[in-house]
Each structure stands twice: as structure tokens, then as C-alpha cells.
Amino acid sequence: MTAVRPAAGVPDPSVGELLAAWLPGRRWFPAGGASAATVHVEPWLAVTFDDGPGGGPDGADVVVLLVRLRGAGVPGGEVVAQVPLVLTDPAARGPGFVAEVRTAAGDVAVHDGGAHPACWLALLRAAGVGDGVRGEALVAGGQVVAGEQSNTSVVLPGVPSPDGTGGMLKILRTVTPGPHPDVVVPRALTRAGWDGVPRFLGALQVATAPGTTTALAVLSELVPRARDGFELACEHAGRGESFAHLAADLGRVVAELHSVLRQAMPPGPLLDPATFVGGLRDRAALAVSEAPGLAARAPAIDALLDDLQGRLPRLRLQTVHGDLHLGQALHGETGWKLLDFEGEPQRPAAERTAPDLPLRDVAGMVRSFAYAAAVGGAPDPWWEAESVHAFLARYRQSADTSAAVSGLTTRRPPELDPPTADAVLAALVLDKALYEVVYETRQRPTWVHIPLSAVDRVLTRPR
């Protein structure tokens, strides 16, 4: 295992200036659009790796910078971002090259560590992965996953794994001190023996303050020949081909997830109906204020939430996924696998990792089918309706089963009578759709009709 040495410090001013100009253009940068110009970048901590001369393979220096990002466009006003860099001689430019800068020690080629094998190897060694395996073999054939937005994921076929399929290294871009859900939850599910997640293989966590660790990277077993769930659903929608059988099996897996989480993770607090509905009201009011098309619907939204508050019992909350949609599911040779347990990235960390109702995840998946139908170009509304019906029917059937799940004994789900469960799900679908209306209003105005139609369906449903 490679030693890591966190230390307070500021990079050479030339590197700091480069980062300030380069960071806002990254897909994972947590403040997009015009707000990025108002974000203040403040280097906070540097993590270096002891791995022979130069700190990395072939004399490359691997440095992980943790930088504070402050500004109105940043979720919660402030986040800490991880910026791994590989610094080499200018003659040794490699993957992820950003720019050449002149420092007090001479000219240096700066690379995005997320795209550079020297960084991948340093992170793996520091996490204690691959001891006894040549470094070149560990990272051979490594490939960055295209389209990643919140983090940087790298396929590493050479990483040892129980099934021999290799590993997936996720470099966390927004980090928070303390236990990280994408470490804690998959590790607990793997230890419980549940096969609905890619097997947890390890993580790199460093001490960033006395008694406090911060997760920088997570390694899981690679799911071979897997398809992204959203892409798969869009293809079916575009062909007008039923997705019901896959949606139903996904409903089973999501129900199993919730059952195993109730067993594998500590129980949450009791739900307070007024507080829970108050959170929905606050988010709805914010959405109405930001999206002009919602103003006329405000009275109906208030009425729905009034009805919900009168129905809700004091249920026991639990750990949930927190940002579940088709893009967080992979379909491979052995069926569905769920991943990415960080919660909704645009919400504050404490809020997105808090215990919740399992139906929050169900609502996210329901909305995802709507987007798959729209993006895929489903020729008929039946595609979305059939997929949602199949998913919900199997979820409810599986959630009501108190028998063993994948050989595990699990606790029964919180008791909700069917009408109340329907009311809760409708309110959570509405909450998600209102969030989408604001997003589409800002980013893709021609798409606003997609979530707006869901808002209207929820508000006009019989109660």
C-alpha cells in the first residue's frame, strides 16, 4: 500500500491560475453556465503519494488537490472538489494534458489526473489494491467512461476481482469529510451478500482533519458487457418495443435494495409528517417562484400536500438510494445492478444522504421512464404507461414479501395502506417533476412539457 501525505498548502501560483481558468469548463464542475464565473476557487489541501522517485510511475508527480469552491452557483454555497493532477517534464506529455506552465522549479506539463494512468495507479496503490501485481498490468487497457458528469469513472480490466472481470475506479469529484455513502452503502450491501450492486472492492480515504477521513475514490467490480439502463430503455422506446419485462425485473431489484438496506444499515428516525411535508412545500414554493408556468398550479399543489399531511403516519425512515433513475442501473448478463449512492448531486450533502422513505427512489424511477419515452421517441404513450405499471406492480409485489431476499432474511417494509402509499408516491413524483420543470426552464425550455405534463397528471388524479 502506498502512503499518502495530506498537507495544507497552496500550489505554485501558475498552477492555481491554470485551475481557475480550466475548472469551470469541466462537466463535473458543480456550478455551470454563467454562475461559474462567480465561483471562487481556493486551494485547501494537497495529497501526495509516496511511490518511489518523483511520486509516481516514470517520474510523474501525482498530486490530489482539494479545493474549496464558493459562490451563489454552488450547491449550498460551498463545496470541496477533488482535482487530481499529474505533473511531468514538458517532454513527457501524456493523456489528459491540460497545459504547460512555468513554476519556480521550472517548466511543468500539467495533466488531468482523472485521465492519466499514473494517477489511476497511485489511487489504486494507496487504497491497497493490486499489491503484488505490476503497476503497468493494473492500469493496462484503462479507459475513462464517456459522458460522466458528477465524477470520473475509469474501466480497469487489469484490477484483480473475485469474478475476474476487472474493476471500475470512481474518482469522486465533489468530496465531503466523514463517511461517504458511495463507500458505506455498497460495502454494506456487498458484505450482506446481495448481488444487486457491483461488488465493492475498496476505497481510498484520507485523514483531512484529526479523527476525520474524506473519501477520494471507490473501486467496484466491473460489470462486463453491461448496458446503461437509460440508453437501453431509450432504444426500446424508439423501436416501439415493450420494456415491460425489464421494467418489472428492475422493480424487483429496487424492492430488494430497500429490503436489504433495512437489514444492513442502521434504522433512521421516525418520520414527522409536518416536517416531511414542510420540506415538500418549501421545494414546491421555490419551484413556483422560479418557473412561471407553475404559478396557476400553486393552489392545487397546496391542496395535494394538505391531503398528504393528513394521511401520513409516523413511519420509520431508512437509508435509500437518493437519486435513483434508469441511468443509475446497469443491465448485464446476470440482470440489473444498481450504482451511484451519492444522492441527488445538486442538493446539500446532509440533505441528500439523510434517511428517507423508499418511495422517493420509486418516484425517481417513474420519472425516468417518462424521459426515456421522450428522448427515445416512443411512438405511442402506452410505452411509458406500460413500463411504469410493470415496474410498480413488481415493486409492490416484491416489497410485500417478507421472505428471504437473495438468501438474506430482511425486515418488512414500513406499513402503508395502499391509498396512503399511492398518495405518498404521487407527492414524491410531483416533487421530482417540479424540480425537473425548473431545470428544463433554465436549460432546455423546449423540454418543459415533459415534466409539466407529469405535474398535471398528478394534480388531476382522484384522491
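A: Let's start with Asp340, which has a relative accessible area of 18% and so counts as buried (under 20% relative accessible area; exposed is over 50%, and partly exposed lies in between, with a 1.4 Å probe and protein chains only). The model is predicted, so local features need pLDDT of at least 70 and side-chain atom pairs pLDDT 80 or more, whereas totals for chains, interfaces and linings use all residues. Residues are numbered from 1 along each chain as its sequence is written, and side-chain values use heavy atoms, leaving out hydrogens and water.

Asp340 sits in the loop between strand 15 and helix 9 (349-352); helices (H or I, at least four residues) and strands (E, at least two) are DSSP runs numbered from the N terminus. The backbone here deserves a glance: phi of Asp340 is near 60°, a positive value in a residue other than glycine. Arg225 also has a positive phi, near 50°, and is not glycine either. Arg225 belongs to the loop between strand 12 (212-221) and strand 13 (227-228).

Lys170 lies in strand 9 (residues 167-171) and is buried, at 8% relative accessibility. Its side chain has a polar contact with the side chain of Asp182 as well, at 2.4 Å. Setting aside neighbours within four places in sequence, the contacts of Lys170 include Asp182, Asp340 and Glu342, along with Asn151, Thr152 and Ser153 (heavy atoms within 4.5 Å). Leu216, Ala217 and Val218 are also among the contacts of Lys170.

The whole structure holds 5 aromatic pairs (rings of Phe, Tyr and Trp, using its six-membered ring, with centres within 6.5 Å; planes under 30 degrees apart are stacked, over 60 edge-to-face and the rest tilted). In one of them, Phe243 and Trp336 have ring centres 6.5 Å apart and planes at 70°, so the pair is edge-to-face. This pair links distant parts of the chain, 93 residues apart: Trp336 is in strand 15 (residues 335-338), and Phe243 is in the loop between helix 5 (229-238) and helix 6 (244-264). Phe243 has a relative accessible area of 0% and is buried, and Trp336 is buried too, at 3%. Both rings belong to one aromatic cluster, together with Phe369, Trp383, Phe391 and Tyr395.

One further stop is strand 4 (residues 78-88), where 9 of the 11 residues are buried, so the strand is largely enclosed by the rest of the structure. Strand 4 pairs antiparallel with strand 3 (residues 61-70) over 10 bridges (pairing needs at least two DSSP bridges), and Val62 stands opposite Val86. Strand 6 (residues 106-112) is another antiparallel partner of strand 4, with 4 bridges; there, Leu87 has Val110 as its bridge partner. Strand 10 (residues 174-175) runs antiparallel to strand 4 and is joined to it by 2 bridges, with Val80 opposite Val175.

Terms used: Polar contact = N/O pair within 3.5 Å; in protein donor to acceptor, adjacent residues only side chain to side chain.
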